Amino acid sequence: MNKGFDKATFKRTVLDNVKNMFRRTIDEATPQQVFQAVAYAVKDVIIDEWIATHKEYEKKDAKTVYYLSMEFLMGRALGNNIINICAREEVKEVLDELGFDLNVIEDQEPDAALGNGGLGRLAACFLDSLATLGYPAYGCGIRYRYGMFKQKIENGFQVEVPDDWLKDGNPFEIRRPEYATEVKFGGYVRIENRDGRNRFIQEGYQSVMAVPYDLPVIGYGNNVVNTLRIWDAQPINTFNLDSFDRGDYQKAVEQENLAKTIVEVLYPNDNHYAGKELRLKQQYFFISASVQRAVKKYKEKHDDIRKFYDKVVFQLNDTHPTVTIPELMRILLDEEGLTWDEAWEVTTRTCAYTNHTIMSEALEKWPIELFSRLLPRIYQIVEEINRRFIEQIQSKYPGNYEKVKKMAIIYDGQVKMAYMAIAASFSVNGVARLHTEILKNEELKDFYQMMPEKFNNKTNGITQRRFLLHGNPLLADWVTDKIGDEWITNLPHIEKLAIYASDYKCQQEFMNIKYQNKIRLAKYIKEHNGVDVDPRSIFDVQVKRLHEYKRQLMNILHVMYLYNQLKDNPNMDMVPRTFIFGAKAAAGYKRAKLTIKLINSVADVINNDKTINGRLKVVFIEDYRVSNAELIFAAADVSEQISTASKEASGTSNMKFMLNGALTLGTMDGANVEIVEEVGADRAFIFGMSSDEVIRYENNGGYNPMEIFNNDQDIRRVLMQLINGYFSPQDPELFRDIYNSLLNTKSSDRADTYFILKDFRSYAEAHKKVDRAYRDEAWWAESAILNVAHCGKFTSDRTIEEYVRDIWHLSKVQVEM
Ligand code: NBY
């Protein structure tokens, strides 16, 4: 309930908006038009708070974190915004009075899919928490013209469709041309000696105007509205006559094209570095604009740039924004006239770096040819950073050339972004305890040994405001009914639910809510897939980006194995199970796309086999994204978190499932370790090799999957079905590549790189336990409730408080209205 919310005014604004924007009366308006009108009305409600928040930050001269990220996977804004202004009931009533259903109106909004997966969604959750906790923060990113592609499934194959998310405009954004900033690319550096000092002047460059768009990030019930600033690119001065006159026609056209292409599209790779020139342009584009703007803003109030770090901290979301380091150095050296040592002091006290992966194919290494051509001045600075860093290594380890080889920022003709980020940041953090330990003891061991004080862990978290309060209103109301609404801003409070876990009536209520949510998802599946699923079956769900290390393949191979068992033994006693998948594959990732086809092919056969009496169903949900994720988590019984141990840095869907009362079926990887620690090993289904075992095998050249293939008839049978046309009669060879990846050591990588066959039996055992456990309704309900009760640690509010305490050192601000 929002006491200050004026329903009558709101209603009038909606009606006026419909009239003024569309020249229609409300009864003529389409749902999309009503969405627009409502969204603008909500913006009206928060605009004063938005202004007041920034006034307050100015007044307090508050230290600010800039969360620099190539990705912000925000999802839809409207539903979340009205929840955070605590006016959901009121808005719903207004819409009811106008003859519209709020849920239908919310569905009109396209997801802001400016991110790939976990990393981008984490950034969005962090913004929600920062605003809710009242910390001064900007998110800085790119206003991609096309976000994450939309996924269509055609004939079982993924087809990528451009995501034209801005086609109806974005009601919440505000264009801020007054903050437009020039960003320069290419050309050369001319050195000019003036008054005994060298000046570095970039000439012959191309440039674009970076124009920011601001989006409000609304804190929950606290009048705080922070800003997500995303940059658009525009040509500098389009075709001015001067250019024609000077024969610069070519350059004018090129600059126009540069502006158009630079923000055109989000690269759809997760955990994979592709080395595209345009990607580096995107990185420098938004970083140069953001850093220039932060420096300007600082200088409006302060005259000593040497104390920049007292007011500003830059958090680098993975290595993608690492050019922040040389760009800040450039500004301090070339524009502010600081000495190298002064500039380095400021830079290294301002920047902090978060690592999200140990996957070697994700490490960014830019060829120096490309890097120096695109960013000539920045490259000079990186060379000097490298030269000094190597000196530092050598003075710490005299004569140890191996160390230099392993740690140099520039080596083998490449710029290693992670090494630069570590060398120039005062903090390096991993995203779950296990991940941070692996960074310290394996992947970044040399860096940890040289500068242990920089390394720290910040276990990820998620916002309960979106993933419970908005996504699962039935459960949210039930929780509030039992223990009050403190959990909304203080998730550990949800522990109070534990006492209800063993209560029969509460168990019934809980399971009934789960059942309602399963009906809601079943309807969605029927509408979108045309498949009937039984809400009384176990909903066993794996939704996340498709990647070999996440082992969706192991999941579907296990489904094939179960199906074989059912075919052999038609009377097999088994609780009906619906296996639900959702995953986008990077457009160029062949094996991942083939895995999607395999899942759909298996689904086709199984879903149409009358002889198994619907005991098995397989569903691939098209276009998995934030908005349908909310429905999926709410309906899940089993949460599949089955990555090869050591590979998943943290995972965050594991937390969203837990929050919604699903039981984890997983490996001891990423944050699963901490989830099990919180809820108890007896309330989860853990299987497979430990990260230590995996790492030991990897250091010894892998293992021999042929032994398993030769000795395990069930596994052999499943693998043979990949190449005998059992699931692809029109093309028996279709899945040969998957078969080969598991067995064929001749291929370039090790056979079964991700230990699928090695973990298979233990995985199948864990599934059997799930089947047995689900039959004990009381135990299951108790365990599900206990999962909810023990998820308090996994709120992003906790994560943010830890960043603030250990890294950012911000102060809370109150906004009175
Ligand atoms: O970040 C994910 C991790 O895999 C997951 O374990 C963790 O929970 C999450 C948040 O910390 N990483 C991730 O989502 N990475 C990307 O999306 C990504 C995107 C682009 C690129 C690399 C990684 N790239 O190099 O282009």
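Leaving aside its neighbours within four places in sequence, Lys656 is in contact (heavy atoms within 4.5 Å) with Arg121, Ile462, Phe467 and Phe633. This is a predicted model, in which local features need pLDDT of at least 70 and side-chain atom pairs count only at pLDDT 80 or more, while totals for chains, interfaces and linings use all residues. Residues are numbered from 1 along each chain as its sequence is written, and side-chain values use heavy atoms, with hydrogens and water left out.

Lys656 sits in helix H24 (residues 653-659), where helices (H or I, at least four residues) are DSSP runs numbered from the N terminus. With a relative accessible area of 7%, Lys656 is buried, a term that means under 20% relative accessible area, as against exposed at over 50% and partly exposed in between, with a 1.4 Å probe and protein chains only. An unreviewed UniProt entry lists Lys656 for "modified residue: N6-(pyridoxal phosphate)lysine"; such annotations may be inferred rather than shown by experiment.

Apart from its neighbours within four places in sequence, Glu56 is in contact with Val813, Gln814 and Val815.

On the scale of the whole protein, the domain assignment, which is automatic or from a database, gives domain 1 (61-76 + 111-460 + 801-808) and domain 2 (468-794). The contact between these domains takes 40 residues from domain 1 and 45 residues from domain 2, and their centres, taken over C-alpha atoms, are separated by 35 Å.

Helix H13 (residues 376-396) packs with helix H10 (residues 324-335), the two axes coming within 9 Å and crossing at roughly 100°. Axes here are lines fitted to C-alpha atoms, for helices over the stretch in contact, with angles from 0 to 180 degrees between N-to-C directions. H10 and H13 are therefore roughly perpendicular to each other, the term for angles of 65 to 115 degrees. From H10, Ile325, Pro326, Glu327, Met329, Arg330, Leu333 and Asp334 meet Arg377, Ile378, Ile381, Val382 and Ile385 of H13. The residues of this contact divide into 8 nonpolar, no polar and 4 charged, where Ala, Val, Leu, Ile, Met, Phe, Trp, Tyr, Cys and Pro count as nonpolar, Asp, Glu, Lys and Arg as charged, and the others, Gly among them, as polar.

Helix H11 (residues 340-350) also meets H13, with axes that come within 13 Å and cross at roughly 90°, which makes H11 roughly perpendicular to H13. Here Trp340, Asp341 and Trp344 in H11 meet Ile381, Glu384, Ile385 and Arg388 in H13, and by class this contact has 4 nonpolar, no polar and 3 charged residues.

Conventions
Helices (H or I, at least four residues) and strands (E, at least two) are DSSP runs, numbered from the N terminus. Angles under 35 degrees count as roughly parallel, over 145 as roughly antiparallel, 65 to 115 as roughly perpendicular and the rest as oblique.
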